[in-house]
Every structure is written in C-alpha cells, then in structure tokens.
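Here is a short note to read beside the model. Please keep the sequence open as you go through the points.

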Amino acid sequence: MQTLDWIWLLHPIFAVALIYPLLGVVLNLSLQTRSRRLKRQNESPANVGSVHSNLGRWLSAGVIAIVLLALVVMISTEHPLTEFEGGLIRAGLLLLVLIGSCIALLTTWRDKRPAYRAGFSLLCWAGVIVLGMQPEVFRLGDNPLKAEFWQSHFWGGIGLVGLMLFSLASRQEILRDLRWRWLHITANSLAAVIFLAEAITGPKALLEIPLSWQKPYIQQAKAERVANYTANAPHP
C-alpha cells in the first residue's frame, strides 16, 4: 500500500475507532435515559440524560465530519492535481462549498435560534450532497428505482448525515417537547438501522475501490475492452 491508499483509509479508521464505539455509548445512554423517564430503572444517575444529549451532539458532528473527510479525499486524490477536471475554478468552487458546509455545521451546533439552526442544517446537508455528486466520488448508482442505489455506502452516508443534522438542529426542541422527543426516537431508530447497513456496505465498498497502483492497469484494461468492442462491432 502507498501513502495515498492510507489516506483513503482515514474515513473507515475514524469510523471504526471513534464513531461506532461512541454510537454504542450513546445508544446505551439513550436506553438508560428512557428507563429513568419511565421510572423503570432508578439506579441510573440523574445526569444520564444530559450526558446522552452531549455525547449525541459529538456523535452527530463526528459522522458529518468523517463524511466530509471522505468526500474531500475522493475528490482531491482521484486524479493528480495537475489533471484535476475543471482546473482551479472548479477546485475553488468546491473549496467554497466545503468551507460553507463547515461553517453551517458550526452554526447549527452553536446557534440558539430555531430558524437559524434549521436553515444552516439544510445548507450543510446541501453542501454534503453537492460534494458527493462530483464525478470523482465512488457511487454504485444514483437511481432510487434500482437495487444498486439502496446497496450504496455513499447514499446510506448521505441519509445518516441528514438524520444527524436533524438531531443536532432540534436538540433544544427535543429537550423541551414530548412530540419532538418521539420524532427524535423515530429518526434515530432509523439511523441505527442505517449505521448497521453502513457497517456492512463499508467493507464491501473498500473491496470495490482499487488500490492506487491498480488503477492504471484497470483503466488500461477498460480502454482495451472498449477498443476491442468498437473494432468488432458490426458496421451498418
């Protein structure tokens, strides 16, 4: 493996070492919080709810951060920088989208005004989607009517980012309103299922993405296949 291949592994490394252990802690605290509210488990500490909420914020931000990291790595390393499609203009525009997404995430984290939190969370999600739709990003398919779309690690990640942003933006409402709390439980139950699916499709995606030294040979093989097909195609 070359240095570039190790850079590509940063996303799964952070996911395995940080995100999934934190997910286990947050899920455990959520069950304790729920039991305490229903008075089923009095031995839970009184601050279990606040600890669950604070760690949940870090989990949400961490998921969004490693998805942004993965997108940046894929876009910037798919081809040498001298061969970057679109040149400096496109690179500059994508950099602005990245910076805007980070600012929107930070604003969603810190702002206390509901409208601002909702608006900036949507802006952050839109920025992630724009970066993800670049041709350098590996995706199985973009058509939701086909099975490849639902098996895609990429689209599962996009869905998780949306759910994490929702939890992050609506934290204050969740703490105050029972209806928001039920919506939070429903959304994060779906997120738990997607986390499980991502744990399955992630290793699968790693097997489907070739190492850096393999890419020239694969591209050459594809070019030869296209040339052979063109040469042997029946002429009208």
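1. The sulfur of Cys102 lies 7.5 Å from the closest cysteine sulfur, that of Cys124, which is too far for a bond. A disulfide is a pair of cysteine sulfur atoms within 2.5 Å. The structure holds zero disulfides. Cys124, too, is in no disulfide.

2. Cys102 is partly exposed, because its relative accessibility is 39%. Cys124 is buried, at 0% relative accessibility. The cut-offs are these: buried means under 20% relative accessible area, exposed over 50%, and partly exposed in between, with a 1.4 Å probe and protein chains only.

3. A word on the source. This is a predicted model, in which local features need pLDDT of at least 70 and side-chain atom pairs count only at pLDDT 80 or more, while totals for chains, interfaces and linings use all residues. Residues are numbered from 1 along each chain as its sequence is written, and side-chain values use heavy atoms, with hydrogens and water left out.

4. Next, the core. The largest nonpolar core has 41 residues. Such a core is a set of buried Ala, Val, Leu, Ile, Met, Phe, Trp, Tyr and Cys residues joined through side-chain atoms within 4.5 Å. Helices H2 (10-37), H3 (48-77), H4 (87-110), H5 (114-132), H7 and H9 each give two or more residues to this core. The largest share, 11 residues, comes from H3. Helices (H or I, at least four residues) are DSSP runs, numbered from the N terminus.

5. Which residues have the most contacts inside this core? They are Ile64 and Leu71. Leaving aside neighbours within four places in sequence, Ile64 is in contact with Leu105, Cys124, Val161, Met164 and Leu165. Contact means heavy atoms within 4.5 Å.

6. Now Phe195, in helix H9 (residues 178-208). Phe195 counts as buried, because its relative accessibility is 4%. Phe195 touches Ile19, Tyr20, Leu23, Val63, Leu160 and Met164, not counting residues up to four places away in sequence. Phe195 and Leu23 are 172 residues apart in sequence, yet 9.0 Å apart in space, C-alpha to C-alpha.

7. Last, helix H7 (residues 153-169). At 1.5 Å a residue, its 17 residues should span 24 Å, and its end C-alpha atoms are 24 Å apart, which agrees. The expected span is 1.5 Å times one less than the number of residues. Of the 17 residues of H7, 14 are buried, so H7 is largely enclosed by the rest of the structure. At the start of H7, a side-chain oxygen of Ser152 reaches to within 3.3 Å of the backbone nitrogen of Phe154.

How values were computed: Polar contact = N/O pair within 3.5 Å; in protein donor to acceptor, adjacent residues only side chain to side chain.
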